[in-house]
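Please look over the sequence and the 3D structure shown here. A short briefing on them is given below.

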Amino acid sequence: SSKAQIYRRSDRNTGLVYWQRILVAPNPERRLPQLDGATIWLEGLIVPQPRVSIIVPTYNNMATLSRALESLVAQDYPNFHVVVVDDCSTDSSVAIAKDYAAKNPIVRLVVNEKNLGAVGNYAAGRRFLEGELFMIGGPDDSWAPTFISRMVELLHERPEAVAAISS
């Protein structure tokens with residue numbers, strides 16, 4: 001039987017990062033170049049994996065923030081980061097986000113110096129966008145592990161689209 005493995009590749013001309021799904025095959029008739037001593041063949045096209053920036057604006061969301069961050073760090077998409085932007089919470093929201101940031105290098109915490117309100121907090125988070133794509137994650141939401149992958153896939157399939165949303 002074959003096993004799928006994922007390898008990171010980059011295009012020197014464009015600088016884009018790609019992830020390549022490869023089947024490791026025991027079948028000697030399907031031999032192609034060796035990779036780390038295993039016989040391989042490609043299982044499809046290489047699809048670009050643009051960096052996704054996720055802003056999670058918070059204000060006193062200690063009851064739901066852990067669930068939201070847990071579902072984000074469990075995403076199967078390989079190229080994203082999460083910025084929690086706290087608007088001077090008076091509960092333990094900052095401590096929860098700080099704990100996730102300490103354990104997960106993809107999570108970063110930013111605490112506003114003064115309360116900016118909901119719209120101001122969203123706007124403050126824009127300073128930390130690093131990716132080609134962005135997402136606003138509600139501190140009281142949770143996402144299936146394939147959410148980001150599926151949204152990026154839909155955008156890739158429809159280059160004329162400017163947004164991908166789900167219900």
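Predicted model: local features only at pLDDT ≥ 70, side-chain atom pairs only at ≥ 80, totals over all residues.

Residues are numbered from 1 along each chain as its sequence is written, and side-chain values use heavy atoms, with hydrogens and water left out.

**Sheet**
- Four strands form an open, parallel sheet in the order β8-β7-β6-β9 (strands are DSSP E runs of at least two residues, helices H or I runs of at least four, numbered from the N terminus; strands pair if DSSP finds at least two bridges between them).
- At the edges are β8 (107–111) and β9, each pairing on one side only.
- Five bridges join β7 to β8, and V84 stands opposite L109 in β8.

**Cores**
- The largest nonpolar core has 21 residues, with I54, V82 and I148 having the most contacts inside it (a core is a set of buried Ala, Val, Leu, Ile, Met, Phe, Trp, Tyr and Cys residues joined through side-chain atoms within 4.5 Å; buried means under 20% relative accessible area, exposed over 50%, partly exposed in between, with a 1.4 Å probe and protein chains only).
- β6 (52–58), α1 (65–73), β7 (80–86), α2 (93–103) and α4 (147–157) each supply at least two residues of this core.
- A second, separate core of six residues includes I55, V85, V110 and A124.
- In α4, the buried residues are F147, I148, S149, M151 and V152.

**Exposed residue**
- V119, in helix α3 (residues 117–125), is exposed, at a relative accessible area of 70%.
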